[in-house]
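Biologist: I'd like to learn how to read a fold from its details. Could you walk me through some features, one at a time?

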Amino acid sequence: MLPTSTHRRRVLPFAAVAIAASLLAGVAQADTTTPADPKLIADLDAILADARLATAQAGVQVVDTTTGQVVYQHQADALLTPASTLKTITSAAALDLLGENHVFTTEVRTTGSRYSSVLNGDLVLRGGGDPSLQPKDLDDLAAQVAAAGITTVTGRVLADGSRYDSVPLGPGWAWDDEAYSYSPQISALTVAPDAEYSMDTVKVTVTPAATAGQPATVTLFPAEAPVKFAGQIATGAAGSGNSAGVERRRGVNELALTGSLAVGSAPADFFTTVENPTGYTGDVFAGALARHGVRVMRPTTAATGSETSQALVGHASRPLGELLVPMLKLSNNGIAEHLLKEIGKVKGGQGSWSAGVTQVNGFLKANGLELPTGRQVDGSGLSRYDLVTASKLTALLKLAPGKPWFKTWYDALPVAGNPERMVGGTLTARMRGTAAENNVHAKSGSMGGVDNLVGYATAPDGRRLAFSILVNNFPGARPRSVLDAIAVRLATGPAATPSAPALKSFNAPALRDAPTEVPATRWEECETLGHC
């Protein structure tokens, strides 16, 4: 194994990488059966000499997945913040422990007794942890209740999210992220108003009036969402642009409306989280029942989880293997957290973050990946308490090809430069026009001061190279082009000969730090804002 500066408990300044490269090459030949590639070492050292990393910390490792040889590393055992690259661990553990055919079932159950079309009791909407439940699914459940012959419920709709614990936000999640769609409250009963499964959110559509100076029209989907508005959004003069804002005030379901939308503009959509996703989902279901002619006499309330009830109808989610596509492609944090709590529930008997992490740690240990020791507290990487090393992530990437679920997992990773939303995902606008395009499969992850990329590149000779690039603690410009340059170099092979600090000597189009070809959407919002 190649030595790294962290093995000596000190950090090499980037100016010293040239000296380190010669030492790395020499020792690698002694420790492995295949000589190290001195040109690759020199090229990657040169990329990491970028001035934006001068005061940052970078952990990098590249492994040949066929031979297991470490072909490059720099501070590979440094504990760093993984951000959304932690989803690679959570998703792999879910596939291994739950299986790619695992489904989440939402049930409608009855209490009391039934006389003809009257239910003398309650309808219980029992959540099964489905991270993809949508209003149309609740409408279908309501239609099934009506088809079963029930027209009147003397009691209530009881919203039951008791499959998971009652802790809605993960350890170490930022309080000022709570209103954003990428930081949903987690419940075993939740609803997503869109096809990308933005759970626990409401869609707010703002449409300008026909005349400047008039208030814009604001609508909700689903309409039953338990939120109210404060303020208003004005209609501005033609060409005045869009300064409209919709933001939930912390701790309450009140949305502050601000700014204006120019007359003649297209409607603008906003997604914001909702307090109490369990109750929110119950309200949407109650509205669907009313539309299907089922009268519920008393208000919706929370179930205790201990009610004696009988199954009436149910809805099954898509299988876990398919849910990994939006989770990994779009970096859907809510799905990741549901997978972690579901692992805890199924394998440990408790649907909590701690129980899920215990099981994930067991998966890592069973596969020889427990060292070096890190720290995981959630499933998505939203928490800054999470710590991982580049070497652990590449060890997972090296292990995965031998697993029966590998193809499902590999295909679910974003593909660099691919314009299809559910193929390229968060890498759609990155590394276009390079050898990495439609080659590199990788998971990105970023927060303020954090920019990471972890995945696979296929070299020109057909070798599959696993790489982990974790860059933390940079105070200024996001060094995204540095990460991309490493992935491009691995995909291009020796023809790529960068020089530090500029990367203009690459035989590929220039790489950019802030891709603009595809506008940011909800799951990239966290990266755009520097939050996630």
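**Reading the contacts**

Modeller: Let's begin with threonine 278: leaving aside neighbours within four places in sequence, threonine 278 is in contact (heavy atoms within 4.5 Å) with Ala159, Asp160, Gly161, Ser187 and Leu189. Keep in mind that this is a predicted model, where local features need pLDDT of at least 70 and side-chain atom pairs count only at pLDDT 80 or more, while totals for chains, interfaces and linings use all residues. Numbering runs from 1 along each chain as its sequence is written, and side-chain values use heavy atoms, leaving out hydrogens and water.

Biologist: Is threonine 278 buried or exposed?

Modeller: Buried means under 20% relative accessible area, exposed over 50%, and partly exposed in between (1.4 Å probe, protein chains only). Threonine 278 counts as buried because its relative accessibility is 15%. This residue sits in helix α5 (residues 277-291); helices (H or I, at least four residues) and strands (E, at least two) are DSSP runs numbered from the N terminus. Its C-alpha atom is 9.6 Å from that of glutamine 185, 93 residues away along the chain.

Biologist: What about the chain as a whole, how many helices and strands does it have?

Modeller: There are 13 helices and 22 strands, and 56% of the 532 residues are buried. Of the contacts between residues at least 6 apart in sequence, 72% join residues at least 24 apart.

Biologist: How do I describe two packed helices?

Modeller: You give the angle between their axes and the distance between the axes. Here, the axes of α3 (residues 87-97) and α8 (residues 353-366) come within 10 Å and cross at roughly 80°. So α3 is roughly perpendicular to α8, a label that covers 65 to 115 degrees (under 35 is roughly parallel, over 145 roughly antiparallel, the rest oblique). The axes are lines fitted to C-alpha atoms over the stretch in contact, with angles from 0 to 180 degrees between N-to-C directions. On the α3 side, Ile89, Ala92, Ala93, Asp96 and Leu97 meet Gln359, Val360, Phe363 and Leu364 of α8.

Biologist: Which side chain has a polar contact with serine 309?

Modeller: A polar contact is an N or O pair within 3.5 Å; within protein, one atom must be able to donate a hydrogen and the other to accept it, and residues adjacent in sequence count only if both atoms are side-chain atoms. Arginine 109 is the partner, with the two side chains joined at 2.8 Å. Serine 309 lies in the loop between β18 (301-302) and β19 (310-316), and is buried at 14% relative accessible area.
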